[in-house]
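Here's a quick briefing on side-chain contacts and open space in one protein model. Have a look at the sequence and the coordinates before reading on.

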Amino acid sequence: MAPDLRELVRDVPDFPKPGILFRDLTPLMRDPDGWQEVIRQLTAVCERLQPDLIVGIESRGFIVGTALATAVRLGFVPVRKPGKLPGTVTGVDYALEYGSDRLEIHSDALADGSKVLIIDDLLATGGTAAACAELVAAAGGQLCGFGFVAELAALEGRRKLPDDQPVESLIIYR
């Protein structure tokens, strides 16, 4: 019987500040059966969407994305914060609640028009994932969907993502 992924997520009240309930995925990652179930379910997403590459968002998207890419025998492309990638990069600036941030990708990583699945650990407000979708397009890639281990539905992050793209979340907190 497959493990219940939700049971392997630790709730941490008042982190990183009072009033926030943090969903800690590290116990899930530590559990071999739970982690294999995550990758099994995301593999099924890949089978449906047929990406050519997995794009992972810094930093926990690297953990999920590289494990998935290895399991499905696809390449992995990192999307990073500014100044972390050598060589020529393509970047996109995006707004945060208080300020702004930037994501970058190697300029040649998607130049062949690859179909990509964007992977991250958590969908919260959706700003970073939406910026990553914009970055994929700017770099010449074709987005085929999003995959997340968990989603905080009350924050309505899906609303910021392109309407024409599938969004798959393994655990949804309402």
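Predicted model: local features only at pLDDT ≥ 70, side-chain atom pairs only at ≥ 80, totals over all residues.

For accessibility, buried means under 20% relative accessible area, exposed means over 50%, and partly exposed is what falls in between, with a 1.4 Å probe and protein chains only.

Residues are numbered from 1 along each chain as its sequence is written, and side-chain values use heavy atoms, with hydrogens and water left out.

**Aromatic pairs**

- Searching the whole structure turns up 3 aromatic pairs. Rings of Phe, Tyr and Trp (its six-membered ring) pair if their centres lie within 6.5 Å; planes under 30 degrees apart are stacked, over 60 edge-to-face, and the rest tilted.
- One of them joins Phe15 and Phe22: the ring centres are 5.2 Å apart and the planes sit at 85°, so this pair is edge-to-face. Phe22 is partly exposed, at 24% relative accessibility.
- Phe62 and Phe76 also make an edge-to-face pair, because their planes are at 85°, with centres 6.0 Å apart.
- Phe62 belongs to helix H3 (residues 60-72) and Phe76 to strand S4 (residues 75-79), so the pair ties together parts 14 residues apart in sequence. Helices (H or I, at least four residues) and strands (E, at least two) are DSSP runs, numbered from the N terminus.
- Phe76 counts as partly exposed, with 24% relative accessibility.

**Charges over a ring**

- A charge sits over a ring if NZ of Lys or CZ of Arg is within 6 Å of the ring centre and within 35 degrees of the ring normal.
- Tyr173 has Arg6 over its face, at 4.8 Å from the ring centre.
- Arg23 lies over the face of Tyr173 too, at 3.8 Å from the ring centre.

**Salt bridges**

- The whole structure holds 11 salt bridges, each being a side-chain nitrogen of Lys or Arg within 4 Å of a carboxyl oxygen of Asp or Glu.
- Arg80 and Glu58 form one of these, their closest N and O atoms being 3.0 Å apart. The pair links distant parts of the chain, 22 residues apart: Arg80 is in the loop between S4 and strand S5 (89-96), and Glu58 is in the loop between strand S3 (53-57) and H3.
- Arg80 is partly exposed, at 21% relative accessible area, and Glu58 is partly exposed, at 21%.
- Asp101 and Lys81 meet in a salt bridge at 2.9 Å, N to O. Asp101 is in strand S6 (residues 99-106) and Lys81 in the loop between S4 and S5, so the pair ties together parts 20 residues apart in sequence.
- Asp101 counts as partly exposed, at 22% relative accessibility, and Lys81 counts as partly exposed, at 26%.
- Asp93 and Arg102 have a salt bridge at 3.3 Å, N to O. Salt bridges with shared partners join Asp93, Arg102 and Glu104 into one network.
- Asp93 is exposed, with a relative accessible area of 52%, whereas Arg102 is partly exposed at 25%.

**The largest pocket**

- The largest pocket has a volume of about 1,100 Å³. Of the 36 residues lining it, the closest to its centre are Arg60, Leu122, Ala124, Thr125 and Leu155.
- On a 1 Å grid over the protein atoms alone, a pocket is an open set of points with protein on both sides within 12 Å along at least five of seven lines, where a 1.4 Å probe fits, and lining residues have an atom within 4 Å of a point. Points are joined across faces, edges and corners, and the volume is the space filled by probe spheres set on them.
- Elements giving two or more residues to this lining include strand S2 (21-24), helix H1 (26-30), strand S7 (115-123) and helix H4 (127-138).
- By class, the lining of the largest pocket has 19 nonpolar residues (Ala, Val, Leu, Ile, Met, Phe, Trp, Tyr, Cys and Pro), 11 charged (Asp, Glu, Lys and Arg) and 6 polar (the others, Gly among them).

**Residue separations**

- Thr128 is in helix H4, and its C-alpha is 7.7 Å from that of Tyr94, 34 residues apart in sequence.
- Val89 is in strand S5, and its C-alpha is 22 Å from that of Cys144, 55 residues apart in sequence.
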